Amino acid sequence: MSRRIVVIGAGTAGARLAQQLRAAGGVDVALFGEERHAPYNRVLLAEVLAGRYEAELAALPSPGPVRRARVARIDRSAHVVHGGDGTKTGYDALVLATGSNPVLPPLRGLAGATADGPRDRSPSPGLPTGVHAFRSMDDCLALSAAVREGTRAVVIGGGLLGVSAARALAERGAQVVLAQQGERLMERQLDAPASELVASHLARLGVEVHTECRVRGLRTTAAPPSAAAAHGRSPRTAEPDGPHHRVTGVELADGFVLDAELVVLACGVRPRTALAAAAGLEVRRGIVVDDALRTSDPDIHAIGDCAEHAGRVYGLATPAVEQADALAQSLTGRGPCRYTGTRALTRLTLTGTGPPHPTGVLDVAAFGEAEASPGDDVVHLTDATRGTYRKVVVREDRLVGGVLLGELSAVGTLARAWGADEPLTEAPLLHLLTNDGGS
């Protein structure tokens, strides 16, 4: 009798794992996914929103059949998962790849909104018409249907996701304001000079960037249910006990109001852990796993955005893939699972117009620690005329981080040197940063 493996979640981690398990054979795999779309690459959502890709082109390699059902609870003693449709599925090994939900900030005008539960429609239940999270394909398609030339759009959040969404909306002809509460854009990945270059590039694209800008709430007005569809929301998601509400503006902490027909919430993500917590598994920020990606129940594993390994929740595609690959090796009997963490590289391509980028493209790469600590050595090269910026941080002869903007021919070699965590010398490092003529 084949070993029964149940995978809950058909995102990057779950789909990758199911694909490998089925390709290896010898196991019976049940893959649960809540979204109506075939598994897709979330990294490409901004390209779909910008109109560069059709939604189908963001699809991941097929993992095989997906059960379109929500898992309501896990019975660990019986080794059974209960579907929301009343079905029961037994397992020998269970893998949680439940992903993450968008964080909805505590703003006036969002009272009662929630990002919990199935992400099979957009926006999340309780959001006013015109207000969208930007996490799922349905979020992306709803935004795409709502944006028009000249649409007034406000993106709240200036991290990687917010910058990507603002760029995509601007490419569609929207009048975009990006409101970032922190001191700079992409503050988790970039230092101040690099962030300024990104902000300047967005400005050339037409995005109005405001940092240190705290949003207090949303302004809304009552609207008939028929207006919902015109703003990218299905009337069936309207609140049943009262009028539908449509966003008209974003109120800042200083009282200034930004007119808005569309608002994008890009305030980060939070691991989806409710199912694991209800089953009695250890949960901190994410579902706690060891180097074998086992939870506190040895028959249950967790991978991807929902997993917390060595105190870290990644929320990125590369760790999700590496975790899926490591676990597949173990579950198919090819060897033990030894996951020791991921050194993830952040890449972003921003289109735009005007100098100093004649191609209209700014490539961004960041890895490790962008800010130096006392005693670190920093190699820092800038060419304002070409719009290039390169900075690497070296600690005790080891590369510990870097930020590169512009021509990125050296990024692959630098990332490998960082990932290897081996001693390096100054001369090769300088050569890597300068040999393409970009500095």
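This is a predicted model: local features need pLDDT of at least 70, side-chain atom pairs count only at pLDDT 80 or more; totals for chains, interfaces and linings use all residues.
View 1. Residues are numbered from 1 along each chain as its sequence is written, and side-chain values use heavy atoms, with hydrogens and water left out. The structure holds one aromatic pair, where rings of Phe, Tyr and Trp (its six-membered ring) pair if their centres lie within 6.5 Å, and planes under 30 degrees apart count as stacked, over 60 as edge-to-face and the rest as tilted. The ring centres of phenylalanine 367 and tryptophan 418 are 5.2 Å apart and their planes stand at 45 degrees, so this pair is tilted. The pair links distant parts of the chain, since phenylalanine 367 belongs to strand β22 (residues 361-368) and tryptophan 418 to helix α9 (residues 411-420), 51 residues apart. Helices (H or I, at least four residues) and strands (E, at least two) are DSSP runs, numbered from the N terminus. Tryptophan 418 is also buried, at 7% relative accessibility.

**View 2. Helix α9 and its buried face.** The buried residues of α9 are Val411, Leu414, Ala415 and Trp418. Seen down the axis of α9, these residues fall within an arc of 100 degrees, so they line one face of the helix; the arc is that of the directions from the helix axis to the C-beta atoms. An α-helix has 3.6 residues a turn, so residues three or four places apart point the same way. Aspartate 421, which follows α9, has a positive phi near 55 degrees.

**View 3. Arginine 347 in strand β21.** Arginine 347 is placed in strand β21 (residues 345-351) and, with a relative accessible area of 46%, is partly exposed. Leaving aside neighbours within four places in sequence, arginine 347 is in contact (heavy atoms within 4.5 Å) with Val364, Ala365, Leu408 and Val411. The C-alpha atoms of arginine 347 and aspartate 363, which are 16 residues apart along the chain, are separated by 7.6 Å.

**View 4. Helix α1 and what covers it.** Helix α1 (residues 12-24) has 13 residues and reaches 18 Å from its first C-alpha to its last, close to the 18 Å expected at 1.5 Å a residue, where the expected span is 1.5 Å times one less than the number of residues. Among the buried residues of α1 are Thr12, Gly14, Leu17 and Leu21, and what covers the buried residues includes β1 (3-8), β2 (27-33), β7 (93-96) and α8 (317-331). Glycine 25 follows α1 and has a positive phi, near 75 degrees.

**View 5. Isoleucine 5 in strand β1.** Isoleucine 5 lies in strand β1 and counts as buried, at 0% relative accessibility. Not counting residues up to four places away in sequence, isoleucine 5 touches several residues, including Leu21, Val29, Val95 and Leu331. The C-alpha atoms of isoleucine 5 and tyrosine 91 are separated by 5.5 Å, although these residues are 86 residues apart along the chain.

**View 6. Two nonpolar cores.** A nonpolar core is a set of buried Ala, Val, Leu, Ile, Met, Phe, Trp, Tyr and Cys residues joined through side-chain atoms within 4.5 Å. Of the 47 residues in the largest nonpolar core, Phe134, Val163, Leu169 and Val198 touch the most other members, and helix α4 (residues 160-171) gives the most to this core, with six residues. A second, separate core of 46 residues includes Leu21, Ala69, Val71 and Val289.

**View 7. Helix α3, mostly covered.** Seven of the ten residues of helix α3 (residues 137-146) are buried, among them Met137, Cys140 and Leu143. The buried residues of α3 pack against α2 (45-49), β9 (131-133) and β16 (262-265).

**View 8. Two loop residues with positive phi.** Histidine 79 has a positive phi of about 55 degrees although it is not a glycine; its place is in the loop between β4 (71-75) and β5 (80-83), and histidine 79 counts as partly exposed, at 24% relative accessibility. Aspartate 397, which is not a glycine either, has a positive phi of about 65 degrees and is placed in the loop between β24 (388-395) and β25 (398-405).

Conventions:
Buried means under 20% relative accessible area, exposed over 50%, partly exposed in between (1.4 Å probe, protein chains only).
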